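Me: I have a structure open and want to go through it with you. Can we take it piece by piece?

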Amino acid sequence: MTRTTQSVGPVAWHGLPADEAADRLAASFTDGLADDQVASRRAAHGENRITPRPGRSPLLRFALQFVQPLVLVLLVASLVTMLLGEWVDASVIFGVTLINALIGFIQEGRAESALAALARSVISEVTVLRGGSKRRLSSTELVPGDVVLLTAGDKVPADLRLFHTRELQAMEAALTGESTAVAKQDEALPHDTLLAERSNMAYAGTVMISGQGSGVVVATGDHTETGRISRLIAEAPDMRTPLTRKMAAFSNWLLLAIGLLALLTFAVGIWRGESVFAMFMAAVALAVGAIPEGLPAAVTITLAIGVSRMARRRAIIRKLPAVETLGSTTTICSDKTGTLTENQMTVREIYAGGVRLVVSGSGYSPAGRIGDGAAIDGALRECLLAGVLCNDAGLGKSSRSWEVVGDPTEGALLVVARKAGLDERTLQKMFRRLDEIPFDSARQYMATLHDIEGVRLAYFKGALEQLLARSITMLDRKGQATALRREEIEQVARSMAAEGLRVLAVARLVSPSLEALDAKSPDRGLQFIGLVGMVDPPRPKAISAVRTCHSAGITVKMITGDHAVTALSIARQLGITRSGEAALSGRELAALADDELHAAVARVNVFARVDPAQKLRLVRALQSNGEVVAMTGDGVNDAPALKQADIGIAMGLGGTEVAKEAADMVLTDDDFATIEAAIEEGRGVYDNLVKFITWTLPTNFGEGLVIVAAVIAGATLPITPLQILWINMTTAVFLGLMLAFEPIEHGVMHRPPRPPSRQILDAALLWRIVLLGVLLLAGSFGLFLVELAQGHPLAEARTVAVNVFVVVQAMYLFNCRSLKFSALHIGLFSNPAVWYGVLVMAVLQALLTYWPVMNRLFATAPIGGPEWLEILAVGTLAYLIVGVEKHWRNLRADLLRKRPRAGSR
Ligand code: ATP
């Protein structure tokens with residue numbers, strides 16, 4: 001059949017019966033589109049992507065670079081200098097301001113686009129029916145006519161006309177502004193139904209919060225309702241974090257203080273009888289020197305570098321503050337299945353009709369045997385049949401291996417059935433599904449209704465507690481109903497769980513006239529069929545990651561929907577608990593008062609049979625104990641806990657779109673070890689920020705100090721404002737910023753988490769600021785005076801002073817490469833960026849000193865060999881003195897750490 005698709009747009013799809021909509025789109029509800037149909041429609045309609053409207057224009061972004069206190073100071077300075085007739089100075093100041101704005105513009109733009117690209121890289125996947133089988137593909141590949149299967153947690157990828165729904169509810173606030181859930185159905189509606197009331201449509205960008213449904217794509221990309229109102233303005237990512245806010249506040253105070261000091265300097269100079277111009281220049285020099293202008297850019301760039309390093313280790317940061325918070329995480333609450341374990345389920349044991357059988361084979365390959373070739377009949381056959389029919393997964397063979405589309409737990413049931421020669425495709429066609437109750441983590445079971453040889457049969461599979469409580473009989477080996485042996489069943493389940501197996505119970509309900517299933521008043525009177533025990537081995541990398549977390553002072557807690565015995569067994573293998581430690585179940589948790597819960601969360605590391613809604617309580621309890629909590633989640637119901645946690649972590653592979661949107665970080669491999677890696681990076685990033693601050697503040701202080709000292713002493717300024725401007729702009733970019741590329745220091749995961757309240761500007765840094773400030777003052781002012789005393793011209797003396805600054809800053813950079821160790825200890829060449837920076841700086845200084853053009857612009861002059869020796873000597877001395885100070889501080893810290901222990905002995 002080669003009918004063409006209708007042009008997409010004016011058709012009122014909600015007004016058509018579902019069949020007619022499908023006809024118009026030449027779509028098949030049962031098989032989806034064929035591959036050739038997809039190819040031609042793809043060519044006609046393009047990618048399913050909404051073209052973003054451009055964000056802030058580059059011109060505006062560039063202009064905004066000038067709205068910063070320092071730049072404004074510089075612009076005013078440039079204006080005043082011009083009015084005073086100093087054209088060269090005025091244009092150099094203006095030129096520098098321009099270059100500064102340009103650098104800021106480029107760096108900011110790069111950081112922003114890198115972050116935005118990362119955010120986009122979390123592709124959203126959809127399940128579609130194509131060529132008769134289910135496939136997972138990127139939502140961008142959808143074309144009109146595709147049949148999309150929706151489940152709770154999915155973000156609707158295109159506009160769909162729904163043709164099947166089951167308890168389907170959507171949140172459409174993104175489109176209609178309505179923030180309550182709306183129920184969906186599949187009947188046709190009057191043509192004039194308003195957008196918000198079209199309950200048989202699912203619109204792109206809205207979110208499914210419960211139930212299941214299927215729909216046929218009627219519009220993609222810019223033709224969707226969301227695309228048409230084009231609300232999707234390309235937003236610049238928010239680059240603010242707690243630290244940048246603190247820095248901004250700090251800068252404002254600093255600016256005020258420096259402004260006052262500059263005024264004072266100006267006043268003192270005038271009072272002493274200096275010229276207004278000289279004093280104005282001194283005040284400008286002071287402002288320019290003492291303001292750490294590189295700071296905001298350095299913080300942003302360091303964070304952006306951290307974000308891309310994390311992305312390389314498979315953790316995508318969605319909200320920038322997470323980079324900082326990661327470094328102070330004290331507790332990780334992780335799901336079990338898929339995060340701590342492989343989520344590669346293989347059925348190992350079956351208990352059916354009172355008989356326990358071992359299953360051989362591994363992975364998803366259907367090669368293997370049940371009970372060494374046991375007859376597939378009676379209760380065993382019924383158990384396998386229930387597993388196949390009460391199942392939404394698909395099994396397929398790619399070029400290399402067998403793969404499951406859908407839930408691995410369900411995939412494993414298809415595999416074990418194939419081992420017994422039962423093919424799910426034939427069975428599912430033979431015994432069509434008449435109704436269903438979809439699986440839900442809170443309900444913990446799934447049910448489907450079938451007509452089997454004229455009898456209505458409902459199959460149930462789920463947590464043992466849920467099904468056993470509703471069973472009244474069980475099947476014997478031959479498949480006949482017999483008395484329920486509750487204790488035997490529970491004992492078998494416990495023994496399977498103790499081996500670390502995930503246990504799923506299977507039951508059925510025989511009811512000749514059952515029309516529909518109702519989740520709200522669940523059926524009782526079930527016949528218990530059996531138990532299926534499947535392995536889901538711990539991820540090998542997770543075991544070492546848990547160990548690393550422990551040595552880094554981070555507690556790991558497992559929060560799972562699985563049974564306590566299984567959870568404990570896996571937790572022990574992972575090193576999360578030791579033998580003898582108990583788990584707390586969801587039911588016990590519900591019975592605890594808040595204060596009891598606070599004590600319990602501090603003690604217990606495994607929480608089993610937890611309902612997702614309880615996760616929120618757990619996070620809150622941990623937070624009120626002072627913990628900084630990272631929490632993983634994948635379902636819709638996990639979203640509130642993910643938002644509440646200090647770091648909400650969603651699964652990139654197995655997680656729902658709702659969870660991803662609520663999260664601060666998305667793991668592209670769903671692996672627990674990635675969380676540990678991200679924390680390590682987070683600590684590294686924070687260290688690098690502290691290193692930059694430790695580098696910049698003392699040098700700025702030194703520059704300010706030199707000016708103030710010169711004015712107070714009534715001496716000529718050893719460095720002119722232009723020269724200071726030169727020093728600051730070049731050293732911040734080519735020296736300081738290179739610290740952002742420092743690799744993670746050895747031992748970051750051997751120290752406790754950083755308390756979030758700890759201030760960067762502490763006593764140690766204050767002391768360092770004073771020490772280096774005095775060294776810079778003594779070195780530059782000292783050599784400046786010596787030069788003058790030796791009869792060298794002012795320009796030469798100033799060039800010496802400028803070079804002292806740059807050389808000391810370059811040497812001090814090596815002190816700052818590690819907060820604790822010396823540069824030699826961490827490897828002199830472990831960060832090549834520092835060396836490139838130093839090299840560029842050397843070339844720039846050579847130009848400043850020897851190139852006549854620069855000499856004229858910056859009032860510098862060539863200097864000789866002996867001067868260079870003196871300058872290098874000052875630099876080396878500064879490096880050594882700071883090195884000794886660092887060493888002394890380390891010794892003192894070690895002593896302080898040991899003392900209480902010695903005392904307690
Ligand atoms: P975690 O919370 O660590 O991911 P989990 O996968 O066991 O672990 P849930 O998905 O909430 O947590 O499942 C809870 C229980 O529901 C399982 O232990 C199992 O007994 C049952 N269950 C899981 N998946 C299905 C399914 N597809 N159909 C029926 N029952 C299921």
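Reply: What follows is a set of questions and answers on this model, which is predicted.

Me: Ok, domains to begin with. What does the assignment give for the protein?
Reply: The assignment gives domain 1 (13-52 + 123-223), domain 2 (254-312 + 677-746 + 762-898), domain 3 (325-341 + 539-674) and domain 4 (350-528).

Me: How far apart are the centres of domain 3 and domain 4?
Reply: Taken over C-alpha atoms, the centres of domain 3 and domain 4 are separated by 29 Å.

Me: And how many residues of each are in contact?
Reply: On the domain 3 side there are 13 residues, in contact with 14 residues of domain 4.

Me: Now the ligand. How many residues surround the ligand, and which are the closest?
Reply: The ligand is surrounded by 18 residues, and the closest are K336, D407, R502, T560 and G561.

Me: Which domains does the shell draw on?
Reply: Domain 3 and domain 4 each contribute at least three residues to the shell around the ligand.

Me: And which strands?
Reply: Strands β16 (455-462) and β19 (502-510) each supply at least two residues of that shell. The largest share comes from β19, with 3 residues.

Me: How does the shell divide into nonpolar, polar and charged?
Reply: There are 4 nonpolar, 6 polar and 8 charged residues in the shell around the ligand.

Me: Which ligand atom does the side chain of D407 lie by?
Reply: A polar side-chain atom of D407 is 2.9 Å from a nitrogen atom of the ligand. E410 also has a polar side-chain atom by a ligand nitrogen, at 3.0 Å. For T560, a polar side-chain atom lies 2.9 Å from an oxygen atom of the ligand.

Me: How much of the ligand's accessible area does the protein cover?
Reply: On its own the ligand has 600 Å² of accessible area, and the protein covers 92% of that.

Me: What polar contact does the side chain of T448 make?
Reply: The T448 side chain makes a polar contact with the side chain of H450, at 2.8 Å. Beyond four places in sequence, T448 touches several residues, among them L389, R433, D435, L457 and L517.

Me: Ok, next is D638. Where is the place of D638?
Reply: D638 sits in the loop between β24 (629-633) and α22 (639-644). D638 is buried, at 4% relative accessibility.

Me: Which backbone nitrogen does the side chain of D638 reach at 2.9 Å?
Reply: That is the backbone nitrogen of G635. A polar atom of the D638 side chain also lies 2.8 Å from the backbone nitrogen of D634.

Me: What is D638 in contact with, leaving aside its sequence neighbours?
Reply: Outside four places in sequence, D638 is in contact with P612, K615 and G633.

Me: Let's follow K615 then. Which helix does K615 lie in?
Reply: K615 lies in helix α21, residues 612-624. K615 counts as buried because its relative accessibility is 6%.

Me: And what does the side chain of K615 reach?
Reply: The K615 side chain reaches the backbone oxygen of T632, at 3.5 Å. Not counting residues up to four places away, K615 touches residues including D335, I559, M631, D638 and A641.

Terms used. Residues numbered from 1 in each chain as written. Predicted model: local features only at pLDDT ≥ 70, side-chain atom pairs only at ≥ 80, totals over all residues. Heavy atoms only, no water. Near = heavy atom within 4 Å. Polar contact = N/O pair within 3.5 Å; in protein donor to acceptor, adjacent residues only side chain to side chain. Areas by Shrake-Rupley, 256 points an atom, 1.4 Å probe, with all protein chains shown as cover. Helix = DSSP H or I, 4+ residues; strand = E, 2+ residues; numbered from the N terminus. Nonpolar A, V, L, I, M, F, W, Y, C, P; charged D, E, K, R; others polar. Domains from an automatic or database assignment. Contact = heavy atoms within 4.5 Å. Buried < 20%, exposed > 50% of the residue type's maximum accessible area, 1.4 Å probe, protein only.
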